[in-house]
Amino acid sequence: MSLKAYIKAIASYLPEKIEQNDKSKRLTKKTGIYERHIVGENECASDLAFNAAEKLFAQYNISRDSIDFIILCTQSPDYLLPTTACILQERLGLSKKCGAFDFNLGCSGYIYGLSIVKGLIETGQARQVLLLTAETYSKHIHSEDETVKPLFGDGASATLINAEQTEKDGIHSFVFGTDGSGAENLIVPAGGMRNPSIVTEQVEQVDDSGNKRTNYNLYMNGSEVSKFALEVVPSTVDAILKQGGLEKDEVDYYVFHQANKFMLDFLQQKCELQGLPFWNCPENCGNTVSCSIPLAIVQLLERGEFQKLDCVMTVGFGVGLSWAGCLVDLSKTM
């Protein structure tokens, strides 16, 4: 028997404040995003991750002492340094013997996180890992930029992954991809070390439709990002199926990054997954970046709209440009 990593429990948290999108607008009808949860002025990624983890501990009666590693995926950390995961170790009351670090990825981040955790567990470096995702993209977005504001919401997730003695893989068939030539299509240009805030003037731009943003806000070239997703996702799906030795109808559920309904409808068609179980439900939270796949899994588990979840395909794609996918067995999820 070998040590294999399995998802044992998963929980999510959304901020209390809700912003409604204008249902009469063409963009709302096209994206299928009707409302988004947005953090308060003093609410940060660590606050969302803390609440998701506390919900997980309470809901599944998990001992904090059993956690020997905490990993946080975020692109909106509380500070440039220290790493937010270290702050969360103390705030969550986890052992000082617990490893902790952040990593910076967007919509593919949850898949990368699962890969890192699998490596830690299956090489014997950890037995029970808390994988967190938390994003406050609303803090990156200009309040008068209607090209991106109606798309993105804030949120967090907590996933407990532990070691099982078995020969059957619980998380496997990973496929990764990166195309840094598209980095400028989804970017916050200023505020990092390349264009530090101490010397970089804030410059406001207004487009022909009156949308405003500065070089400190999120910029997205929507057409190029959509084009990229439609190019890489179908081949990623095929590569995962090949690795897993599966046909399309042998996957119990397809859970992709919940970018928006229009893109997911198009991807389902492009990947030839019509008629197969395919999660497409961004209407109440929008695009929550690295949180969107675990949020979708929580929604799926709560609604119980499935026969079995022994083999679930997850695919994330977005900022980087970066993409990744894998198969997960959710049958051992509490």
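User: How many disulfides does a search of the whole structure find?

Analyst: The search finds 0 disulfides, where a disulfide is a pair of cysteine sulfur atoms within 2.5 Å. This is a predicted model, in which local features need pLDDT of at least 70 and side-chain atom pairs count only at pLDDT 80 or more, while totals for chains, interfaces and linings use all residues. Residues are numbered from 1 along each chain as its sequence is written, and side-chain values use heavy atoms, with hydrogens and water left out.

User: What makes cysteine 271 and cysteine 311 buried or exposed?

Analyst: Buried means under 20% relative accessible area, exposed over 50%, and partly exposed in between, with a 1.4 Å probe and protein chains only. Cysteine 271 has a relative accessible area of 4%, so it is buried. Cysteine 311 is at 12% and therefore counts as buried too.

User: How do you know what span to expect of α5?

Analyst: The expected span of a helix is 1.5 Å times one less than its number of residues. With 23 residues, α5 reaches 32 Å from its first C-alpha to its last, close to the 33 Å expected. Glycine 245 follows α5 and has a positive phi, near 65 degrees. Helix α4 (residues 109–122) has 14 residues and reaches 20 Å, close to the 20 Å expected. Glycine 124 follows α4, with a positive phi near 80 degrees.

User: What makes a set of residues a nonpolar core, and how many residues has the largest?

Analyst: A nonpolar core is a set of buried Ala, Val, Leu, Ile, Met, Phe, Trp, Tyr and Cys residues joined through side-chain atoms within 4.5 Å. The largest has 39 residues, and those with the most contacts inside it are Phe152, Val233, Phe256, Met313 and Phe317. Its largest share, 9 residues, comes from α5. Contact means heavy atoms within 4.5 Å. Leaving out residues up to four places away in sequence, phenylalanine 256 touches, among others, Val233, Cys271, Met313 and Phe317.

User: Why is one space called a pocket and another a cavity?

Analyst: On a 1 Å grid over the protein atoms alone, a cavity is a set of points where a 1.4 Å probe fits but cannot get out, whereas a pocket is an open set with protein on both sides within 12 Å along at least five of seven lines; lining residues have an atom within 4 Å of a point. Grid points are joined across faces, edges and corners, and a volume is the space filled by probe spheres set on the points. The largest pocket holds about 860 Å³. It is lined by 27 residues, and the closest to its centre are Gln75, Pro77, Asn104, His140 and Val188. There is 1 cavity of 30 Å³ or more. The largest cavity has a volume of about 40 Å³, and its lining includes Gln258, Cys281, Cys285 and Gln299.

Methods. Helices (H or I, at least four residues) and strands (E, at least two) are DSSP runs, numbered from the N terminus.
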